[in-house]
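The sequence and structure come first.

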Amino acid sequence: MSVDFKEMQATLMREMRLYHYPIAIKFFYDQAEADKYLEENEVHVPVKPMTYCQWEIAARMKGQNVYGTKEMLYCSNAHYSFGWKGLDEAEVKSHAKYTRNPEQAKRFIETKSQMPEGLIGIAVMPLASATKTPDVVHFYVDNMQAYHLAVDYMAATDTHPLRPAITMNSSACGGTVFSYITNEFNMVPSCSGSYNAGKTERGEINVMIPGEKMIATYERLLERIENLGSSSITKPGDGFPGQDVCKNCPLIIFKKSK
């Protein structure tokens with residue numbers, strides 16, 4: 001299937017009632033490839049070092065392409081996730097407030113996914129700006145939107161059950177790296193950093209889908225729309241997210257037992 005990512009974004013925004021643009025993520029390990037991307041695209045760069053989840057704000061809210069490097073990133077947890085730093089005492093200390101002791105913090109950090117060494121830069125952009133299949137597509141969605149994405153992914157890839165990876169810290173950055181490294185769906189809540197730094201709403205959740213599997217998920221969505229008339233799983237034929245009426249509502253009645 002030849003994919004038009006502008007059309008994919010438009011369909012997802014319309015059918016899934018998304019509030020934010022899906023974010024296409026590209027990891028660069030080749031300088032020539034990175035230079036080519038920068039030359040061929042209108043790219044924004046952080047004026048001062050920011051967190052990775054702050055880079056994503058411009059992509060998901062403003063529809064801007066952002067390119068960042070190690071020097072432009074102000075977040076030690078993201079530096080670790082992207083393979084731009086190793087495990088040191090500062091990283092252990094930053095996790096100590098979540099754990100029973102420093103030894104546990106160290107073990108927890110060691111179990112996080114990391115990008116291979118040699119990463120040059122990262123591009124985050126609205127999905128519509130992608131010209132090639134993204135490495136990962138990152139959604140900021142609500143509970144029911146996340147459920148629809150998960151169900152279509154499971155059907156499209158014949159995967160069940162899904163096993164997301166939640167870590168202490170590193171939800172946006174580390175959650176995306178996990179999806180990339182494992183080539184699997186990931187769904188994680190906001191971490192404390194992405195909640196306040198990344199301007200994540202309390203009801204939102206992160207969904208990450210590898211690029212090729214995003215195409216399969218999208219094909220499944222289109223299949224359901226063609227067969228049932230809409231994207232809604234909860235009430236096929238209605239607009240997403242379906243009829244918001246509780247089953248057996250007239251029967252939900254309580255009375256005194258005696």
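## Terms and model

Contact means heavy atoms within 4.5 Å. This is a predicted model: local features need pLDDT of at least 70, side-chain atom pairs count only at pLDDT 80 or more, and totals for chains, interfaces and linings use all residues. Residues are numbered from 1 along each chain as its sequence is written, and side-chain values use heavy atoms, with hydrogens and water left out.

## Nonpolar cores

A nonpolar core is a set of buried Ala, Val, Leu, Ile, Met, Phe, Trp, Tyr and Cys residues joined through side-chain atoms within 4.5 Å. Buried means under 20% relative accessible area, exposed over 50%, and partly exposed in between (1.4 Å probe, protein chains only). In soluble globular proteins, nonpolar side chains tend to be buried together.

The largest nonpolar core here has 31 residues. Met8, Leu12, Phe139, Val207 and Met214 have the most contacts inside it. Two or more residues each come from helix 1 (5–15), helix 2 (31–40), helix 7 (143–157) and helix 10 (211–228), and from strand 1 (23–28), strand 4 (121–126), strand 5 (136–141) and strand 7 (205–210). Helices (H or I, at least four residues) and strands (E, at least two) are DSSP runs, numbered from the N terminus. A second, separate core holds 25 residues, including Ile23, Val66, Trp84 and Tyr140.

Which residues does Met8 contact, leaving aside its neighbours within four places in sequence? They are Val3, Leu127, Met214, Ile215 and Tyr218.

## The cavity

A cavity is a set of points, on a 1 Å grid over the protein atoms alone, where a 1.4 Å probe fits but cannot get out; lining residues have an atom within 4 Å of a point. Grid points are joined across faces, edges and corners, and a volume is the space filled by probe spheres set on the points. The structure holds one cavity of 30 Å³ or more.

Helix 10 gives the largest share, four residues. Helix 7 and helix 10 each supply at least two. The lining divides into six nonpolar residues, one polar and one charged. Here Ala, Val, Leu, Ile, Met, Phe, Trp, Tyr, Cys and Pro count as nonpolar, Asp, Glu, Lys and Arg as charged, and the others, Gly among them, as polar.

## Salt bridges

A salt bridge is a side-chain nitrogen of Lys or Arg within 4 Å of a carboxyl oxygen of Asp or Glu. The count comes to ten. Lys26, Glu33 and Asp135 are linked in a network of salt bridges.

Glu40 and Lys36 pair at 2.9 Å, N to O. Both lie in helix 2, four residues apart, about one turn of the helix. Glu40 is exposed at 52%; Lys36 is partly exposed at 43%.

Asp88 bridges to Lys85, with the closest N and O atoms 3.2 Å apart. Asp88 is partly exposed at 33%, while Lys85 is buried at 19%. In the bridge between Lys213 and Glu184, the closest N and O atoms are 3.6 Å apart. Lys213 lies in helix 10 and Glu184 in the loop between helix 8 (172–182) and strand 6 (186–188), so the pair ties together parts that are 29 residues apart in sequence. Lys213 is buried at 18%; Glu184 is partly exposed at 30%.

## A loop residue

Leu162 lies in the loop between helix 7 and helix 8. Leaving aside neighbours within four places in sequence, Leu162 contacts Ala150, Tyr153, Met154 and Phe185.

Key. On a 1 Å grid over the protein atoms alone, a cavity is a set of points where a 1.4 Å probe fits but cannot get out, and a pocket is an open set with protein on both sides within 12 Å along at least five of seven lines; lining residues have an atom within 4 Å of a point.
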